[in-house]
Amino acid sequence: MNILRRALAAIMTAAAVAGALSFQKEPGVEKRTGGWKKLSNFGIE
Amino acid sequence: MRALVIGAGAVGTKVAQQLLSSNAVDKIILRDTSSEKLVLASKNLGSRVEVEHFPFSQNMDADVVVVASPEGTQLEEVKNAITLKRPTVVVSDGLSETVSILNLGKEASEFGVPVVVGTGFAPGLSCVLAAYGKTFLNETEEIHVSKMGTGGPACALVHHRALSRMSFGWRENKWDKRLGGSGRELLWFPEPVGPQDCYHAALSDPMLLHNAFPGVARISAKMAATRRDRFTAFFPMLTPPHNEGGIGAIRVEVRGSKNGVQENIVLGVSEYPALAAASVTALTTEYLLKHKISLNHMSTLALLVKPSEFLSDLAARSIVVEIFEGDRTTV
C-alpha cells in the first residue's frame with residue numbers, strides 16, 4: 001500500500017513539473033517587461 | 001501683488017509658502033476657521049503673511065484667490081470670488097462640489113472672471129498628464145486615471161467617502177455609473193508606490209477631463225484602496241485622519257492611435273499628494289498673475305496650459321513625471 005502511495009506521489013510530482021516546464025516553453029506566450037523612466041525633457045530645449 | 005489663500009491646511013500652507021518663496025506675491029492673506037492652524041502657519045511663513053480668522057471680511061481684497069479649503073466650503077467661496085470679480089484658482093476635490101463649481105461657468109463668463117478648476121494632484125496634475133499623453137497620439141480614444149494616497153485630513157475624508165458613493169465614468173457618449181469600491185484592477189504606479197489594487201470611486205477627474213476633451217470616448221478614474229478602506233467606507237470615520245498622509249502617486253493611461261498603430265501612453269508621478277497639489281496650485285496661480293494664462297471664463301488646467309511647459313516648470317519644483325516604457329518580447 002505504501003509503495004503504491006509513494007509511486008502515485010512520484011507520478012503526480014513528475015506530471016506537475018512536466019506541466020510547469022511545458023507551460024514555460026509554450027511558443028507564442030507574450031511577455032511584457034519594462035519599467036518607469038523619469039522624464040526630464042518635455043520637448044523644450 | 002496680494003493673494004488670498006482660503007484654507008490653512010496641508011495644501012493651503014504649502015501654496016502660501018511656494019508663492020512667497022518664488023516672490024510671485026508680496027503678501028499672502030491666509031484665511032481659516034481654525035485659529036490653531038493659523039497660528040502655526042503664521043509662525044512658519046513669517047511676516048509677509050496676514051491671517052484672517054472667522055468672521056471673515058466680505059470683500060476678498062486680493063489680486064488672486066486660491067481656494068484650498070475642505071470639501072463642502074469651496075462652492076460658496078468660488079461664488080463669492082466670481083461676484084467680486086477676483087481671478088480664482090480652485091484646488092477642487094469632491095465630485096459633487098466640483099460639478100456644482102463647473103455649473104458656475106455661466107456666471108464666470110458673464111462677469112468675465114478667470115476661474116481655474118482642479119489644480120490639485122488628481123484632479124489637476126492628472127489632467128495635465130492626460131493632455132501631455134495626448135500629444136504622443138494622432139487620435140485619443142481612452143483616458144484612464146488612477147490615484148493612490150491622500151494629503152491632509154480633508155483629503156483623507158474625501159478618499160473615505162469616495163469609496164461608498166457612485167463613480168462616474170464617460171463611456172460611449174453617456175455617463176456610466178459604477179458602485180464605489182467595485183471593479184478591482186491591479187495597477188502599477190511609479191516607485192516607491194508600485195502595484196496597488198484600484199477600484200471605482202466618486203472622483204472628479206472624469207468630469208474635468210470630459211469637459212476638456214469631449215471627443216474622447218472613454219474616461220474613467222480609479223483609486224487605490226485596501227480591504228479595510230472598502231469595508232469601512234460605509235461608516236463614519238472611526239479614527240481621526242492623519243495630519244498628512246505618506247507618499248502617494250497618480251497614473252494616467254492614454255490610449256489611442258498614432259499613424260494607424262494602436263498605442264498606450266502611461267504617465268505617472270510619485271509624490272506626497274499635498275506637496276504635489278500645492279506645487280500645481282502655486283504654479284497655476286503664478287501663471288495667472290504673470291498672464292501666462294489668458295482667460296475670462298471658467299476652465300480646467302488641461303485646456304489652459306501648454307503641458308510640456310507646465311510639466312517642465314513643475315520639474316523645477318522637484319515634481320518628477322515618469323513614463324512607463326515596456327518592451328514586448330516573445331518567449
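In this predicted model, Arg230(B) is found in helix H9 of chain B, which spans residues 227-232. Because 18 C-beta neighbours lie inside 10 Å, Arg230(B) counts as partly exposed, the threshold for a buried residue being 20 or more. When its neighbours within four places in sequence are left aside, Arg230(B) is in contact with Leu163(B), Gly181(B), Tyr199(B) and Ala225(B). Asn259(B), by contrast, is 29 residues from Arg230(B) in sequence, and the two are 42 Å apart in space, C-alpha to C-alpha.

Chain B also holds an open sheet of seven strands, with parallel pairing and the order S3-S2-S1-S4-S5-S6-S15. At its edges are S3(B) and S15(B), each of which pairs on one side only, and the twist from one strand to the next averages 20°. Within this sheet, S1(B) and S4(B) pair in the parallel sense over four bridges, and Leu4(B) has Val65(B) as its bridge partner in S4(B). The residue ranges of four of the strands are as follows.

| Strand of chain B | Residues |
|---|---|
| S1 | 2-6 |
| S2 | 27-32 |
| S3 | 49-53 |
| S4 | 64-67 |

Helix H1 of chain B lies across S1, S2, S3 and S4 of chain B, and runs at about 175° to S2(B). Which helix of chain B has an axis that comes within 8 Å of the axis of H1(B)? The partner is H10(B), residues 273-289, and its axis crosses that of H1(B), residues 10-21, at roughly 45°; H1(B) is therefore oblique to H10(B). The crossing in which H1(B) passes H10(B) is right-handed.

On the side of H1(B), the contact is made by Ala10(B), Val11(B), Lys14(B), Val15(B), Gln18(B) and Leu19(B). H10(B) contributes Ala274(B), Leu275(B), Ala277(B), Ala278(B), Ser279(B), Thr281(B), Ala282(B) and Thr285(B). Taken together, the residues of this contact between H1(B) and H10(B) divide into nine nonpolar, four polar and one charged.

Chain A, finally, has 45 residues, of which 0% count as buried, and its secondary structure consists of one helix and one strand.

Terms used
Residues numbered from 1 in each chain as written. Chains lettered and ligands numbered in written order. Predicted model: local features only at pLDDT ≥ 70, side-chain atom pairs only at ≥ 80, totals over all residues. Helix = DSSP H or I, 4+ residues; strand = E, 2+ residues; numbered from the N terminus. Buried ≥ 20, exposed ≤ 12 C-beta atoms within 10 Å, placed from the backbone. Axes fitted to C-alpha atoms, helices over the stretch in contact; angles between N-to-C directions. Parallel < 35°, antiparallel > 145°, perpendicular 65-115°, else oblique. Left-handed = near helix turned anticlockwise from the far one by under 90°. Contact = placed C-beta atoms within 7 Å. Nonpolar A, V, L, I, M, F, W, Y, C, P; charged D, E, K, R; others polar. Pairing = 2+ DSSP bridges.
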